[in-house]
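Hi everyone, thanks for making time today.

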Amino acid sequence: MCGIVAYIGTRPARSLLVEGLKRLEYRGYDSAGVAVIDAKNSPAKIQLAKAVGRVSNLEKRLEGTTWNGTMGIGHTRWATHGGVTEANAHPHTDDGVGIALIHNGIIENYAVLRTYLEQKGHTFVTDTDTEVLTMLIGELYDAANGVDLEAAVQAALREVTGAYAICVICKEEPDVIVAARKGSPLIVGIGNGEYIVASDPQAIIAHTAQAMTLDDYNVVKITRDGFRTSTIDNVEVTPQVLQLESELDEIDLGGYEHYMQKEIFEQPAALRNTLRGRLDMKDGRVVLGGVSAFAKDLVRARRIIMIAQGTALHSAMIAEYLFEDLARMPTECEYASEFRYRNPIVDDGTVVMAVSQSGETADTLAALHEARDRGALTLGVVNVVGSTMARETDAGVYLRVGPEIGVASTKAFTGQVAVLSMLSLFLGRRRLMSPQTASELQTELAMIPDKIEQILALAPEIKAMTERYVQHDNWLFLGRGVNYPVALEGALKLKELSYIHAEGMPAAEMKHGPIALITEGMPAVFIANKGAQYEKVLSNIAETRSRGGHVIAVATEGDKHIRSVAEDVLFIPECPEPLSPMLTVVPLQIMAYYAALARGHDVDKPRNLAKSVTVE
Ligand code: M6R
């Protein structure tokens with residue numbers, strides 16, 4: 001949540017910051033702001049502009065300004081403390097020294113600190129926790145006595161609890177940016193005589209592929225000549241430098257109208273990348289380099305606990321079915337936000353596996369720390385290379401689906417399910433699965449991208465169908481077995497993008513209460529592909545129809561019967577049931593996309609949401 005970008009170098013900072021903010025807007029889009037210092041002005045002063053709404057509003061606000069400063073900070077906000085107003089937008093400034101600060105995260109003890117600072121005579125003009133941190137740094141700043149910006153930031157951060165990624169500038173030190181992180185992502189791009197600090201690689205990659213990661217409690221002081229990294233206790237640390245892997249064209253729209261559309265349609269290519277080099281049909285062994293060093297621990301594990309949030313949780317729920325069915329591995333799946341606070345039992349032989357696109361989700365990270373502290377082997381199934389989860393787990397497997405920019409997760413979901421399917425074969429083949437079964441499933445897995453392509457060709461048909469029902473305000477999504485989590489995912493996609501109320505559930509659960517919701521014409525989407533519980537799903541369809549529900553079925557090509565029980569049918573190619581979620585979800589993604597468009601919503605930036613949930 002919240003996008004952060006800061007620049008110091010030789011080029012004019014203003015346009016660079018705005019360009020960076022545009023690339024980060026998917027992290028938060030309530031308001032945006034920039035602050036620039038022109039060191040050539042004497043005395044130096046902070047030039048500040050903010051605007052409510054999108055970065056384009058900020059851009060308009062900046063029209064006609066002649067800021068020549070070559071260092072500055074920029075922010076796009078997802079509001080936590082304080083409403084969406086210009087005053088609450090970042091950067092925040094102090095009331096004395098001349099400090100400006102941008103922040104991602106939450107300062108939990110801000111109320112106590114604010115009272116303390118008010119007693120010291122400071123006057124607050126916003127409702128935010130961030131202004132408190134800015135003011136605290138200003139209060140501690142005392143250059144005459146050796147407390148320069150770096151030292152003041154360190155001292156202030158020793159006083160705060162909560163999560164933060166911050167960048168701070170000060171007019172008294174017009175050639176310095178100080179940045180720090182704890183619990184929120186922040187990386188520093190290293191260019192030629194310039195540095196770009198950002199919450200995501202997307203804002204850096206246009207300028208340099210070399211970046212340094214920061215660990216929690218790290219502070220970095222950056223000048224045009226270099227940087228110094230330390231802890232908040234001022235102990236020097238050596239940062240890790242990595243090569244960013246994304247290419248610029250991966251983060252551009254490339255002819256599509258929306259990122260979500262692009263990401264849905266690039267699923268075949270993305271999954272080919274996920275699978276590349278990892279399938280070995282000969283003896284049915286999957287090759288997963290990231291976890292091979294821990295193969296023994298995994299095979300001998302007594303149980304696996306999957307933790308995740310949102311769409312990633314739905315993938316993890318699918319893994320619960322796959323690991324138990326294909327590898328006979330006891331598996332539980334849980335919201336990371338619940339796991340972290342409920343005193344979970346992590347006994348000998350427990351492996352905790354986190355699933356996350358961003359690798360930065362606050363609840364999932366905290367749950368991983370809890371699991372690690374309790375002695376579990378921790379694994380990550382993560383998309384963003386070098387993300388905190390990728391670095392802090394014992395081992396893991398990358399999705400390799402490329403950057404996902406649309407707030408609604410699509411290709412990351414199918415990528416996660418592909419990786420988790422491979423992991424189930426990795427485990428299954430080493431535990432009890434015959435080489436032949438493993439090879440057959442791998443062969444089927446390899447065909448998934450082509451089959452998704454066939455489903456994508458149905459987009460015009462799915463669009464027309466969606467537009468017929470989009471006026472309904474309540475929808476149900478129902479599935480069984482491995483497709484029950486797909487029903488949850490279908491409902492989540494529809495509600496987050498079109499703001500239609502949608503509920504997903506196991507089809508059998510409907511008659512235990514939710515069936516009361518069914519009214520004449522209410523859309524009920526059934527995942528009714530051929531599988532072990534197909535006949536049972538047909539019964540649930542009949543129960544819905546007889547109460548006036550309007551059935552839309554996702555069914556297997558060649559199923560002639562389904563047309564006589566469902567009003568609308570979306571066909572997917574034949575596929576073994578355990579692998580079918582990667583296909584059944586695609587029509588639901590397409591439906592949600594067109595429903596949002598038909599209702600006139602911003603598909604890539606749905607209301608109240610942000611791409612990466614880095615606060616609790
Ligand atoms: O980055 P993560 O996969 O950890 O994010 C978890 C959820 O916030 C995320 O999957 C969210 O539910 C999706 N954006 C919804 O489409």
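**Around the ligand**

The ligand is surrounded by 14 residues, and the closest are Ser356, Gln357, Ser358, Thr361 and Glu496; a residue counts here if one of its heavy atoms lies within 4 Å of the ligand. Before going on: this is a predicted model, where local features need pLDDT of at least 70, side-chain atom pairs count only at pLDDT 80 or more, and totals for chains, interfaces and linings use all residues. Residues are numbered from 1 along each chain as its sequence is written, and side-chain values use heavy atoms, with hydrogens and water left out.

Now the polar contacts, meaning pairs of N or O atoms within 3.5 Å. A side-chain N or O atom of Thr361 sits 2.4 Å from a ligand oxygen. For Ser358, a polar side-chain atom is 2.7 Å from an oxygen of the ligand. Ser409 uses its backbone: a polar atom there is 2.9 Å from a ligand oxygen.

How much of the ligand does the protein bury? Alone, the ligand exposes 410 Å², and the protein buries 90% of that, by Shrake-Rupley with a 1.4 Å probe.

Helix H10 (310-327) gives the largest share of the shell, three residues; helices here are DSSP runs of H or I, at least four residues.

**Over to Met505**

Met505 belongs to strand S23, residues 501-506; strands are E runs of at least two. Is Met505 buried or exposed? Buried, at 5% relative accessible area, where the cut-off is under 20% with a 1.4 Å probe, protein chains only. Beyond its neighbours within four places in sequence, its contacts (heavy atoms within 4.5 Å) include Leu476, Phe477, Tyr484 and Pro514.

Conventions
Polar contact = N/O pair within 3.5 Å; in protein donor to acceptor, adjacent residues only side chain to side chain. Buried < 20%, exposed > 50% of the residue type's maximum accessible area, 1.4 Å probe, protein only.
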